Amino acid sequence: MTTKTVFITGTSSGLGKLTAIRFAQMGWNVAATMRTPEKENELTAYDNIRIFKLDVTDVEQVRSAADQAIAAFGRIDVVVNNAGMGTYGPLELAREDDIDWQFAVNARGPINVIRRFLPHFRANNGGMFINISSFMGITTAVPLGSLYNMSKFALEGLTEGLYYELKPFNIELRLIEQGGSTGNNFRDSIVWNRDENIKDYDDMIANLKQVMEASADSGQLDDPQTIVDAIVAQATGESKQFRTVVGATGNSLMALRNAVPIEQYLEKMAEGFR
Ligand SMILES: NC(=O)c1ccc[n+]([C@@H]2O[C@H](COP(=O)([O-])OP(=O)(O)OC[C@H]3O[C@@H](n4cnc5c(N)ncnc54)[C@H](OP(=O)(O)O)[C@@H]3O)[C@@H](O)[C@H]2O)c1
């Protein structure tokens, strides 16, 4: 059987790094991409992992990383759009560049990567894009997360919309909607709006920070290996599910969202923040 190859964005930490390691351990070739390859000292231990520099917002770097990966391995079978970040805070306090950057990384980034691999996948008569979304891409749950919601809802719309366009070419699309998980830098990378403040939002910000701390402390966060399992199941064909919601939090929110009218759902979620 020919060795398969996966191209992954955002492998410097968290889910991206664990996914790279899992595929390498399964015997796949891995094109692991990150913004700062010079700092990496774990993935370098694997013979079947090659590291390429990639900031997903930089179209020229996307071109270069994709070309280098294709040249190194001959063929890419699966692309995992994992790189992402979070901007939280009151919308009226967001800096203009925070707004643009949230969209640039979480939505425009995958667009850049997908566009670059489409000619390759069409030439191969197939391929798969696995887009790492969030349950925040299919539902809302907290105040002050509207920009993050916006970026992941955009990723969901992009992925679903592309389904029709890429089906004739045998190019498959998948979405993974994870909840909070352990072992990543995500909370540290959250950008809270920071320049000025409006007192009206102080309680809300404190409350949300507390909810995030509490869910981490009470063991409500998911084991990231279960998210890696979900990615692998799609890449290997074990599952053909278009959307996979991973973890207890995401699944219980989705169950509620599907069970009651949206007005009731929004009220219920807002209750937790009064
Ligand atoms: N952890 C959660 O609670 C959670 C929940 C739902 C969904 N997610 C999603 O899961 C994915 C992985 O996040 P994680 O949990 O593993 O958090 P993480 O440890 O913060 O990993 C995020 C990765 O994205 C990279 N990245 C950020 N901006 C980038 C850019 N412009 N170009 C290329 N790479 C960039 C980071 O690289 P640097 O080291 O260079 O910053 C890092 O490798 C993200 O899409 C995130 O939105 C996370």
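Colleague: How far is a backbone N or O atom of leucine 15 from an oxygen atom of the ligand?

Modeller: First, this is a predicted model, where local features need pLDDT of at least 70, side-chain atom pairs count only at pLDDT 80 or more, and totals for chains, interfaces and linings use all residues. Residues are numbered from 1 along each chain as its sequence is written, and side-chain values use heavy atoms, with hydrogens and water left out. As for leucine 15, its backbone supplies the N or O atom, and the gap to the ligand oxygen is 2.8 Å.

Colleague: How much of the ligand's accessible area does the protein cover?

Modeller: On its own the ligand has 890 Å² of accessible area (Shrake-Rupley method, 1.4 Å probe; for residues, only the protein chains shown count as cover). Of that, the protein covers 90%.

Colleague: On to the packing: which element gives the largest share of the largest nonpolar core?

Modeller: That core has 26 residues, with Val30, Ile130 and Ile231 making the most contacts inside it. A nonpolar core is a set of buried Ala, Val, Leu, Ile, Met, Phe, Trp, Tyr and Cys residues joined through side-chain atoms within 4.5 Å, where buried means under 20% relative accessible area, exposed over 50% and partly exposed in between (1.4 Å probe, protein chains only). Elements giving two or more residues include strand E2 (29-34), strand E6 (127-132) and helix H7 (224-235). The largest share, six residues, comes from H7.

Colleague: Is asparagine 112 buried or exposed?

Modeller: Asparagine 112 sits in helix H3 and touches Val56, Thr57, Val59 and Val62, leaving out residues up to four places away in sequence (contact is heavy atoms within 4.5 Å). A polar atom of its side chain is 2.8 Å from the backbone oxygen of valine 56. Because its relative accessibility is 6%, asparagine 112 counts as buried.

Colleague: What length does the polar contact between the side chains of threonine 244 and glutamine 234 have?

Modeller: Threonine 244 is in strand E9 (residues 243-246), and its relative accessibility is 13%, so it counts as buried. A polar contact is a pair of N or O atoms within 3.5 Å; within protein, one must be able to donate a hydrogen and the other to accept it, and residues adjacent in sequence count only if both atoms are side-chain atoms. The two side chains are joined by such a contact, at 3.4 Å.

How values were computed. Helices (H or I, at least four residues) and strands (E, at least two) are DSSP runs, numbered from the N terminus.
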